[in-house]
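Please read them with the structure open.

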Amino acid sequence: ELMSDEEILFLVRVGASLGVNKVRLTGGEPSIRPGVVELVRAIAQTPGVADLAMTTNGVLLDKLARPLAAAGLKRVNISIDTLNPAKFNKITRWGDIDDVWRGILAAEEAGLRPMKLNSVVVRNFNDAEDMIDLARLTLENDWEIRFIEMMPFGEISDFQQSNVVSFQEMR
């Protein structure tokens, strides 16, 4: 079940009372949560919380980056596996890379830094020029790119295992 805002805030308060000073909103897509700006504000105002971050697909950041930053969000990690519009649409089954790109720029403008871009690398899909294109973004922008090994879930099929690109290969 989805945790209520009250449950999240209770856990944040307990964690902060025990010395936790960093909080990250993630799981599913936190930006679609009703009242996410108010939740961020409440977390940021919790005594002891010094750092509040969010991992997001970035689609709604074009509209939410400024309000989230004003509410106390410090930084974002944005999931982006390719800059190729057709591949992006195939991965997300609906998405438009331009929405994410606008979100990235809005997050930067709102001061949500350091900005980290996360890319899950899959063999024969985004393991060649996509990695280079994403890495190239760090030459022109003050962003970090993190290439992540695909983690097969459940019963590991031969298909899943054969598509894993190890960190050593990525380097």
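1. Helix α5 has 13 residues and reaches 18 Å from its first C-alpha to its last, close to the 18 Å expected at 1.5 Å a residue. The expected span is 1.5 Å times one less than the number of residues in the helix. Helices (H or I, at least four residues) and strands (E, at least two) are DSSP runs, numbered from the N terminus.

2. This is a predicted model, in which local features need pLDDT of at least 70 and side-chain atom pairs count only at pLDDT 80 or more, while totals for chains, interfaces and linings use all residues. Residues are numbered from 1 along each chain as its sequence is written, and side-chain values use heavy atoms, with hydrogens and water left out.

3. Which residues of α5 are buried? They are I97, V100, G103, I104, A106, A107 and E108. Buried means under 20% relative accessible area, exposed over 50%, and partly exposed in between (1.4 Å probe, protein chains only). The cover over the buried residues of α5 includes α3 (61-71), β3 (75-79), α4 (85-92), β4 (115-121) and β5 (143-149); contact here means heavy atoms within 4.5 Å.

4. L105 also lies in α5, which spans residues 97-109. L105 is partly exposed, at a relative accessible area of 39%.

5. In α4, the buried residues are K87, F88 and T92. Seen down the axis of α4, these fall within an arc of 120°, so they line one face of the helix. The arc is that of the directions from the helix axis to the C-beta atoms. The face turned away from the buried side of α4 carries the exposed residues A86 and K90. The buried residues of α4 pack against α5 and α6.

6. Helix α6 (residues 129-140) has twelve residues; from first C-alpha to last it reaches 17 Å, close to the 16 Å expected at 1.5 Å a residue. D130, M131, L134 and L137 are buried in α6. They cover an arc of only 110° around the axis, which puts them on the same side of α6. Exposed residues L139 and E140 sit on the face of α6 turned away from its buried side.

7. Helix α1 (residues 5-17) packs with helix α2 (residues 36-44) at an angle of about 20°, and their axes are 10 Å apart. That makes α1 roughly parallel to α2, as angles under 35 degrees count as roughly parallel, over 145 as roughly antiparallel, 65 to 115 as roughly perpendicular and the rest as oblique. Axes are lines fitted to C-alpha atoms, for helices over the stretch in contact, and angles run from 0 to 180 degrees between N-to-C directions. The contact is made by D5, I8, L9 and V12 of α1 with L39, A42 and I43 of α2.

8. For α2 and α3 the packing angle is about 25°, with the axes 8 Å apart. That makes α2 roughly parallel to α3. Their contact is made by V36, V37, V40, R41 and A44 of α2 and L64, P67, L68 and A71 of α3.

9. E144 belongs to strand β5 and is partly exposed, with a relative accessible area of 37%. Leaving out residues up to four places away in sequence, E144 touches P114, M115, K116, L117 and T138. The C-alpha atoms of E144 and L117 are separated by 6.1 Å, though the residues are 27 apart along the chain.
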